[in-house]
Protein chains: 2
Amino acid sequence: MAEKRYKKSEITREKILEVAEEHFAEKGFFGARVDEIADSADVNKRMLYSHFGSKEGLYTAVLVKTYKRLAEFEKHFIIEGIDPIASIRNIVLTSFRFLSQNPNFVRMLLWENLNMAKSVPRDELSRLKAPSLEYMREQIRRGKEQGIFRADADEFHTVFSLMNLCFSYFSNIHTMSAMLSRDMTADEEVISRAEYISDVIIKYLEP
Amino acid sequence: MAEKRYKKSEITREKILEVAEEHFAEKGFFGARVDEIADSADVNKRMLYSHFGSKEGLYTAVLVKTYKRLAEFEKHFIIEGIDPIASIRNIVLTSFRFLSQNPNFVRMLLWENLNMAKSVPRDELSRLKAPSLEYMREQIRRGKEQGIFRADADEFHTVFSLMNLCFSYFSNIHTMSAMLSRDMTADEEVISRAEYISDVIIKYLEP
DNA sequence: GGAGAAAATAACCAATTAGTTACTTTTGGA
DNA sequence: TCCAAAAGTAACTAATTGGTTATTTTCTCC
């Protein structure tokens with residue numbers, strides 16, 4: 001049972017990671033404080049450093065963990081034996097489900113986007129390239145072959161728009177709610193938004 | 001000429017503001033350093049404080065200035081005497097022009113969105129509510145009245161989508177370029193994107 | 001041209017920050 | 001039972017940070 005030895009260390013590590021995710025998602029890399037993370041996790045700062053080496057090391061670990069959740073979720077995008085239109089609706093709904101369940105993912109991605117090309121090199125993360133993107137494109141292609149979608153519909157831009165529409169709903173929800181004077185966090189609002197996005201995309205694709 | 005007195009002070013103020021915008025847009029409120037801003041502006045830190053009171057005061061001043069640029073630009077959204085379809089194309093193109101010319105605006109808005117409800121209270125800014133939003137909605141309504149657009153097209157969601165599609169192109173351009181392995185900063189790419197967005201929106205609105 | 005106020009400077013301060021060191025406690029296997 | 005290694009603690013450090021003070025320079029108006 002060599003693996004089980006000092007299991008408590010692993011628990012501490014997980015606890016730090018969990019708390020750190022909240023802090024980094026909330027305040028970003030520069031806004032988050034190492035001492036605060038250690039305190040919130042009820043762990044000595046020393047342990048944080050022995051596990052992750054530095055603030056940056058901890059941040060990267062959080063980022064990897066966050067991205068992994070998306071990778072694991074991607075299987076839900078794929079449903080066999082449904083028509084391309086249903087497939088697109090499923091992609092939108094699945095994206096909405098993931099994004100609403102993972103607000104930290106949304107925020108971490110936004111921070112990353114803003115801090116890009118700075119301080120922290122994240123080579124391994126730059127090859128994110130979710131496989132589901134290629135899947136979406138396939139669905140459009142399949143629809144074209146079946147004559148359900150226009151042959152001249154732009155596949156690249158459509159996939160890009162679909163992603164943007166889903167993501168930006170969650171990333172701008174607060175600013176937009178204020179700007180448009182309409183609370184968009186309500187459940188029925190979220191669902192109606194997902195439907196609308198599917199409608200727009202499908203209408204564009206249709207002949 | 002009492003106003004002209006000590007004009008140099010005003011020049012210093014502008015210089016600080018200009019440099020601070022670059023720093024805050026680049027690194028955000030927490031990432032930017034007061035000393036660096038003062039150094040870059042070739043100005044003594046003391047002057048920065050006598051003009052703006054605090055780091056927060058300076059940040060708010062930059063934010064106000066940035067937002068004002070949008071307010072001034074909004075007139076370009078409005079063109080009299082064109083049909084609703086041309087109007088929507090103009091709105092998209094104008095948004096693209098503004099956003100590509102004001103990368104700092106894009107970044108400041110992203111930082112604001114992430115820091116929202118934190119530390120810095122910005123009451124006066126929360127009532128941003130660009131009047132052009134109402135104008136967009138009017139154009140859709142006008143199209144409906146003329147029978148060019150579907151009567152049951154969702155006005156709110158469409159305005160929201162149009163904004164999101166335009167904004168997210170510029171806010172995610174780097175992440176997305178990497179993810180989709182396609183450099184989207186190139187000029188012809190930007191133009192084709194604007195056209196695509198108009199197409200999607202118009203196709204949704206058409207009967 | 002000199003008086004007085006505003007603008008500008010440099011050196012300083014107190015608080016906070018990421019990161020470390022020297023030390024004690026716990027653990028699992030022999 | 002004992003011991004070596006790992007886990008954990010608390011106090012410390014050096015650097016950085018936003019912000020200030022005491023002082024000198026510059027400018028406008030009489």
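How many residue pairs are in polar contact between chain B and chain A, counting those with both residues at pLDDT 80 or more? With both chains of this predicted model displayed, the count comes to 19 such residue pairs between chain B and chain A, while the count of salt bridges between these two chains is zero.

Next, select the side of chain B that touches chain A, where 49 residues of chain B are in contact with 49 residues of chain A. Between them the two chains bury about 4,900 Å², and 67% of that area is on carbon and sulfur atoms.

Helix 9 of chain B supplies the largest share, with 12 residues. Coloured by residue class instead, the side of chain B that touches chain A divides into 22 nonpolar, 14 polar and 13 charged residues.

Step back to view the two chains as a pair. A rotation of 180°, with 0.0 Å of shift along its axis, superposes chain B on chain A at an RMSD of 0.0 Å, and that is the relation of a two-fold axis. Because 100% of the interface residues of chain B are also interface residues in chain A, the copies meet through the same surface.

For a salt bridge, go to A:Arg69 and A:Glu21, whose closest N and O atoms are 2.9 Å apart. A:Arg69 lies in helix 4 (residues 55–73) of chain A and A:Glu21 in helix 1 (residues 7–31) of chain A, so the pair ties together parts that are 48 residues apart in sequence. Over all chains, the structure holds 22 salt bridges.

Finally, colour chain A by pLDDT, which averages 87, with 90% of the residues scoring at least 70. Confidence in chain A is highest in helix 5 (residues 84–101), at a mean of 95, and lowest in helix 7 (residues 123–126), at 51. Select residues 1–5 of chain A as well, where the pLDDT is below 50 and the stretch has zero contacts in the model beyond near neighbours in sequence. Where pLDDT is low, the predicted coordinates should not be read in detail.

Note on methods: Residues numbered from 1 in each chain as written. Chains lettered and ligands numbered in written order. Predicted model: local features only at pLDDT ≥ 70, side-chain atom pairs only at ≥ 80, totals over all residues. Heavy atoms only, no water. Contact = heavy atoms within 4.5 Å. Buried area = accessible area lost by both parts, 1.4 Å probe. Salt bridge = Lys/Arg side-chain N within 4 Å of Asp/Glu carboxyl O. Polar contact = N/O pair within 3.5 Å; in protein donor to acceptor, adjacent residues only side chain to side chain. Helix = DSSP H or I, 4+ residues; strand = E, 2+ residues; numbered from the N terminus. Nonpolar A, V, L, I, M, F, W, Y, C, P; charged D, E, K, R; others polar. Least-squares fit on C-alpha atoms with pLDDT ≥ 70 in both. pLDDT = per-residue confidence, 0-100.
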